[in-house]
Amino acid sequence: MDFDSSEISQSIALTIELASVTTVILLVIGVPLAWWLARSKTFLSEAVAALIALPLVLPPAALGFCVLVLLGPDGPGGVLASFWGERTLALTFVGIVVGSVLSALPLVVQPIRNAFLAVGDHPLEMTGRVSPLYGFVAIIAPLARLELVKAAVLGFSHTIGTFGVVMMIGGNIPGRTKVLSAYVVDYVQEPRWHEEVWLPLVR
């Protein structure tokens, strides 16, 4: 194989790091969000659920472009980046993490929400007067643990395989934002078919 193995190694490490960080953030955000959506019966909760589901129907490039604008110098991302002397969160690892989280959020929130709906309120009612936090940690989460694991695996796998959102936000910078899926596209375009076949096996 005639490609740069060091660049591929960097890309593999970057992809795994991106997927790991994204999965942790997805669970930190997604679990309480899914719990609220499962228990709330208001119009607001359904509006939020519909908003979360948008990445499933938007083309990845369109989602990436919207996030790119938000992370750019004139968006909230530019304001945030100014605190440590930068102009933008685009073309950075932080930027592709944000894009990956938004892209995978519906895939994590929806199955967890369904699991909480399936568990229902009966287990909490059986325990009597316990704090909501204790009831969730000690009772609800163990009952839904299988779906929590499935959601984490789904979020991790989706992040490894995603391309459009990451490409729009992070560009294609080796060692900084070039994930493994970008190499597959590069080799198809050149074309370098024997390498394109090998890379998905690594992923």
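Thr162 is buried in this predicted model, with a relative accessible area of 10%, a value that falls under the 20% cut-off for a buried residue. The place of Thr162 is in the loop between helix 8 (145-161) and helix 9, and, once its neighbours within four places in sequence are left aside, its contacts are Ser103, Val179 and Ser181.

- Leu91 lies in the loop between helix 4 and helix 5, and Leu91 is partly exposed, with a relative accessible area of 41%.
- The phi of Leu91 is near 60 degrees, which is a positive value in a residue other than glycine.
- Most residues other than glycine have a negative phi.

**The nonpolar cores**
- The largest nonpolar core holds 30 residues, of which Ile112, Phe116, Phe136 and Ile140 touch the most other members.
- Helix 1, helix 2, helix 5, helix 7 (132-143) and helix 8 each supply at least two residues of this core, and helix 5 gives the most, with eleven residues.
- Apart from this core lies another one, of seven residues, and among them are Leu63, Leu71, Ala81 and Ile169.

**Phe116 and the aromatic pair**
- A search of the whole structure finds one aromatic pair, formed by Trp35 and Phe116 in an edge-to-face arrangement, with 5.2 Å centre to centre and 90 degrees between the planes.
- Because Trp35 lies in helix 1 (residues 5-39) and Phe116 in helix 5, the pair ties together parts that are 81 residues apart in sequence.
- Trp35 and Phe116 are both buried.
- Leaving aside neighbours within four places in sequence, Phe116 is in contact with Val31, Ala34, Trp35 and Ala38, and also with Phe136, Ile140 and Ala144.

**Helix 3 and its buried side**
- Helix 3 (residues 60-71) has twelve residues, and the distance from its first C-alpha to its last is 16 Å, close to the 16 Å expected at 1.5 Å a residue.
- Which residues of helix 3 are buried? They are Leu63, Gly64, Val67 and Leu71, and they lie on the same side of helix 3 because they cover an arc of only 100 degrees around the axis.
- The elements that cover these buried residues of helix 3 include helix 2 (43-57), helix 4 (76-81), helix 5 (93-119) and helix 9 (164-170).

Notes. Residues are numbered from 1 along each chain as its sequence is written. This is a predicted model: local features need pLDDT of at least 70, side-chain atom pairs count only at pLDDT 80 or more; totals for chains, interfaces and linings use all residues. Side-chain values use heavy atoms; hydrogens and water are left out. Helices (H or I, at least four residues) and strands (E, at least two) are DSSP runs, numbered from the N terminus. The expected span of a helix is 1.5 Å times one less than its number of residues. Buried means under 20% relative accessible area, exposed over 50%, partly exposed in between (1.4 Å probe, protein chains only). The arc is that of the directions from the helix axis to the C-beta atoms. Contact means heavy atoms within 4.5 Å. Rings of Phe, Tyr and Trp (its six-membered ring) pair if their centres lie within 6.5 Å; planes under 30 degrees apart count as stacked, over 60 as edge-to-face and the rest as tilted. A nonpolar core is a set of buried Ala, Val, Leu, Ile, Met, Phe, Trp, Tyr and Cys residues joined through side-chain atoms within 4.5 Å.
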